[in-house]
Amino acid sequence: MTTAPAIGQPLDRVDGRSKVTGSARYSAEIPIPGMAYACVVGSRIASGRVTDIDTSAAQAEEGVLAVLTHQNLPRITEQPPLIPSLAGTAAPGQTFFPMQDDVVHYAGQHIAIVVADTWERAQHAASELRVSYAETPPVVTLEQGRDQAYIPERIFGGWLPGRIQRGDIDAGLAAADVRVEATFTYAANNHNPIEPSGTTAEWDGDELVLHDTTQGVNATQITVARLLGMPLSKIRVIGHYVGGSFGSKAMIHHHAALAALAARHVGRPVKLVLTREQMFTSVGHREEQEQHIALGATRDGRLTAIRHHKLSPTSHFDDWAEPSIGVSSELYACPNFDGLYRIFRANTMTPTFMRAPGEASGMLALEVAMDELAHELGLDPIELRLRNYAERSPSSGQPWSSSGLRECYERGAARFGWAGRDPRPGVRREGNRLIGTGMATAGYPVAPPANPQRARARLYADGTAVVQAATPDFGTGVATVMTQVAADALGMPVERCRFESGDTDLPNIAAAVGSAGAGMISAAVHSAATALRNQLIARAVADPRSPLHGANPVDVVVGEGLMTAGTASDPYADLLQRHFQPDAEASGAWTPPTGDPGYAMMTFGAQFAEVAVDAELGLVRVRRMTGAFAPGRVLNPKLARSQLMGGMLWGLGQALLEANHMHPRTGHWANASLGEYLVAVNADAPDVDVELVEVEDDVVNPLGVKGVGEIGQVGAGAAIANAVHHATGRRIRKIPITIEDLL
Ligand code: MOS
């Protein structure tokens, strides 16, 4: 019974074939008889009122079933700020709901829905709407709103405080021998997953089924139930696959409830899918921002002070800022810290989560400033970080549940070939290209969900098993790793296990956010599969016809689908077959501990990058990247690597490509298309090397999984920015760094 555990094996995706061949059905591809198509219409102005919408021409178009505006759309039941968007937790952010009155808060705000029998007819009719506005000048840019900024009590949907402070910042800065101060500006970023957001709604009497692409089917269920004033039991949400989300499908945005309202109105199933352009104004974004950093250190490189302030626009309804300062307060052993957020009301949608929301932008500022400090002190950048190594959480003083950061520095540096680096900027040249290398630390908090996570496991008499949980496979390989977790807990070959998911009729799982998916779902699946195994063992030892009859259950081991004690074995399948029982089933749950765990929980890593900068053209090419990460237990190294590589490439996009700008007078995004909003593509991708540093963690969750969804991006952009400085001697504090900055 010594087969290798399935956990830790680099298995291919169980859904790989269906995705590659196209047989995997995404939410917008589920055909429903009699389905109609809805097209949403966004406001042309960014601020003011809709004075009139003439719908007559649109209504008269062939195939049009309804035109809904603020004049005839039913009012939602529950008003802000009570709308929950993540299963079981309160209102993180988007508390506005459109088409309830005539006020326009931002360009693209949904002001009408046209429903027709085909998508083309709906779109055409939408173009026939005649909308009149009373326009007022919008506030959209940092410059326009700076003077009205305030420090919010709480940010990020109320989850986090607006200030983080410890020690005495002024004393810390005064005690410093060396100070570095820098202000970074960041362009806004928009979500561009391959699959746009969309929802198909179908009513049967007072019961509603939604096919939704979402990070949490239960999150969609709860949000729509509250908006429409319906019991949870009347809404079923199905969403098996997600074609990328990265935070854009964590909040349940307006289209989900709008689809349900439209379907009820026309008495037919309605599909509402956002266009690529509408993705820029309908699912939140990463806000434009400015971050100010001040570091103080002694001559021997000990930090005496870190100040990290941020300024950013938020919507008219929510005090939202992505938490860019949290990791800065935790990463280095520094007694004096001063962090705060300043935000101002602007004519934008409420910003939202976007991969490593806050950590990615915050670490870009802190880790570039640390590079500057190392340069000032004449210290190697890794050595400076080791001199300030946080053996415990600098804010709480608690030990880390696990760290591994020192090994990440060591193994990352070894793989990258950091040793012997000439620290002088601008000295390595290959032809007309300037070569530079840089590094940065990565940190990402581990935050368990608030509610119990549940799963179910079932064994069939043919010796196969299925484990079930409501979560969608949000594109990361959930179904694959949960199959592995179940196989080990049941003692079965992985090929005989299956994972079923993406349906609120299955046991409840919270929305997958904050890199928490693998940790929380594996905990529930492990619990369910273990309960089933124990149930079957108990049955076997009590069964007079079992070879295990009379054995002590604690002496029974499982493997290869067999229960074994000493030399006696009983296959699971035989046990069920003997009793003419088609299946056996057990449920399991993981209840995350509440209260202070006594440990601080973070995932750590170290990032390295090499760039070549064309001396005449200013063009930056990233030649190679190395990331070493300590994500706790690695359930599947192939999938973990793949996610971490993806995160590192997001870091490349952050540092060099991704940007959107608001037109200061119209309040429109300047580049709301994939043609003009640049994301990293294969041609930008360098050789990306990932090192996994496994660390044991008994605190975060039962299998010790800290997650790999976001840590790959954190620090990657900073390593690139630092490499650009090393190559060119130029410190660019505008993100992304573009050609014109280096000319
Ligand atoms: Mo992720 S940006 O926490 O949905």
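1. Glu560 sits in the loop that links strand E25 (557-559) and strand E26 (562-565); helices (H or I, at least four residues) and strands (E, at least two) are DSSP runs, numbered from the N terminus. This is a predicted model, in which local features need pLDDT of at least 70, side-chain atom pairs count only at pLDDT 80 or more, and totals for chains, interfaces and linings use all residues. Residues are numbered from 1 along each chain as its sequence is written, and side-chain values use heavy atoms, with hydrogens and water left out.

2. Have a look at the backbone here: phi of Glu560 is near 55 degrees, a positive value in a residue other than glycine. Most residues other than glycine have a negative phi. Glu560 counts as partly exposed because its relative accessibility is 37% (buried is under 20% relative accessible area, exposed over 50%, partly exposed in between, with a 1.4 Å probe and protein chains only).

3. Met99 also has a positive phi, near 65 degrees. Its loop runs between strand E3 (64-69) and strand E4 (103-104). With 3% relative accessibility, Met99 counts as buried.

4. Now for a peptide bond: the one from Ile735 to Pro736 is cis, with omega near 0 degrees. Pro736 belongs to the loop between strand E32 (734-735) and helix H18 (739-742).

5. The largest nonpolar core has 96 residues (a set of buried Ala, Val, Leu, Ile, Met, Phe, Trp, Tyr and Cys residues joined through side-chain atoms within 4.5 Å). Helix H10 (residues 359-377) supplies the largest share of this core, 11 residues. Apart from it lies another core of 55 residues, including Ile7 and Tyr572.
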